[in-house]
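Please keep the sequence and the structure in view throughout.

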Amino acid sequence: MNNPPPTADPGSPEPAQCDVLVIGGGPAGATAAALLARQGRRVVMLEKAHHPRFHIGESLLPANVALFDKLGLRDELERIGMPKWGVEFVSPDHDHITRLEFSEAWDKTMPYAWQVRRSEMDEILFRHAAAQGAQAVEGCRVREVAFDADGADVLAVLDDGAQRRWRARFVIDASGRDTFLSNKLKAKQKNPKHNSSALFGHFTNAERAPGKLEGNITIFWFQHGWFWYIPLADGSTSVGAVCWPYYLKSRKKPLKDFFADTIAMCEPLVQRLKDAALVDDAVYATGNYSYTSTHCSGERYLMLGDAYAFIDPVFSSGVYLAMHSAFVGAEVVATALDQPARAAAERRRFEAEMRKGPREFSWFIFRVTNPTMREFFMYPSNPLRVKEALMSLLAGDIYGKTPIWRSLRVLKTIYFAVSAAHPRRTWNAWQRRRRNIRDLGPLAGENIVEAQ
């Protein structure tokens, strides 16, 4: 569908007019921009960086596949992605590896996803939004958004310092962990139940599993948290440690050396990396991993994906939650613009939908390092279909009609019963977690990269 152009040159003194202005050109923003542009709306998408740009979060969920189908991009993901058929867990307290496949979920029609280079995937989504008719601007950082009864005035600055202004009927914040509107509205809150940080890098020549297992993500538990191990289609492997804040605060050496020392604490990971080399000697660190916002919508705005909330990435839910929020959010925006009398009800539905994903994943995330939950993953069984329900959750199948919720309630009941049967272990685990999630303030090495 051909979209009408903005009614003014965005470089002129008068602001350009648009129906929807999207802050951020990642998975949430690009998906929302594409869907709204398809409707024939005047959409402007502003991305502060230039694609391709580095980003972490490379493991997708099977539920993502249907969203790429709806966008018409499945073939593109097949081209760049490493097929991911399941997940394996490695525990320091067990002498075996547990492998779970998504085909073991309740719904057998979502058997795989992909591991992707985010720089490639994000650019595909961004260019697709432009091809659908969105005005996609790179190197353009939003500085101010001022709302009134009819819309919003948006001020942005290009890389060369030039200012641009838009007048938008509606604003979508898809700024990711920048949380532009949540910060502006003082809505952002640290998650009181979780507090973690990460350091990560990419390796060449890391060990790969044979055949179909090659693309599986591996989760390694270790004394200060857990590692991810994500094989990518270009032959590299993404390795990261998600740690409790006290551990990263203990760093007294260059990040690369600290990362090497951290890997050395996990012997199975050491073996996988024994012949590997760190790409460009680059190691990244980021802090304040988990947060949420008091709300994610208003009369003239929505917050999508990480701009609203971010949870620990142990179950690789980030991209899926971001893209799903874009599909639901696009419906809310269309209603607000075309049927404003129904907008408040649609926003309430959106708020509930946005809370559901983080809530359902977080119950397990908060307990994933607990010895009782670790036993569940290392010795999976399927009474009353609890394993199938858990695999459905791990596949991202939480918004459809798959009837997993009764079995998940059974699983939670079993968890509490087993915990009660081991009171000393449960008490010690609770005390240890309470110490681990203490807020220690800004981390040394937060949001930095070091390359030697």
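At what angle do the axes of helix α11 and helix α14 cross? The axes of α11 (residues 371–378) and α14 (residues 423–436) cross at roughly 110 degrees and come within 9 Å; axes are lines fitted to C-alpha atoms, for helices over the stretch in contact, and angles run from 0 to 180 degrees between N-to-C directions. The two helices are therefore roughly perpendicular, a term for angles of 65 to 115 degrees. Pro-371, Thr-372 and Glu-375 of α11 meet Arg-425, Ala-429 and Arg-432 of α14. By class, the residues of this contact comprise 2 nonpolar, 1 polar and 3 charged.

This is a predicted model, in which local features need pLDDT of at least 70 and side-chain atom pairs count only at pLDDT 80 or more, while totals for chains, interfaces and linings use all residues. Residues are numbered from 1 along each chain as its sequence is written, and side-chain values use heavy atoms, with hydrogens and water left out.

Helix α2 (residues 62–71) is mostly covered, with 7 of its 10 residues buried, that is, under 20% relative accessible area (1.4 Å probe, protein chains only). These are Pro-62, Ala-63, Asn-64, Val-65, Leu-67, Phe-68 and Leu-71. The buried residues of α2 pack (heavy atoms within 4.5 Å) against several elements, including α1 (27–38), α3 (74–80) and α9 (318–338). After α2 comes Gly-72, with a positive phi near 80 degrees.

Helix α9 is itself largely enclosed by the rest of the structure, because 18 of its 21 residues are buried. At 1.5 Å a residue, α9 should span 30 Å, which agrees with the 30 Å between its end C-alpha atoms.

Definitions and conventions
Buried < 20%, exposed > 50% of the residue type's maximum accessible area, 1.4 Å probe, protein only. Helix = DSSP H or I, 4+ residues; strand = E, 2+ residues; numbered from the N terminus. Parallel < 35°, antiparallel > 145°, perpendicular 65-115°, else oblique. Nonpolar A, V, L, I, M, F, W, Y, C, P; charged D, E, K, R; others polar. Expected span 1.5 Å × (residues − 1).
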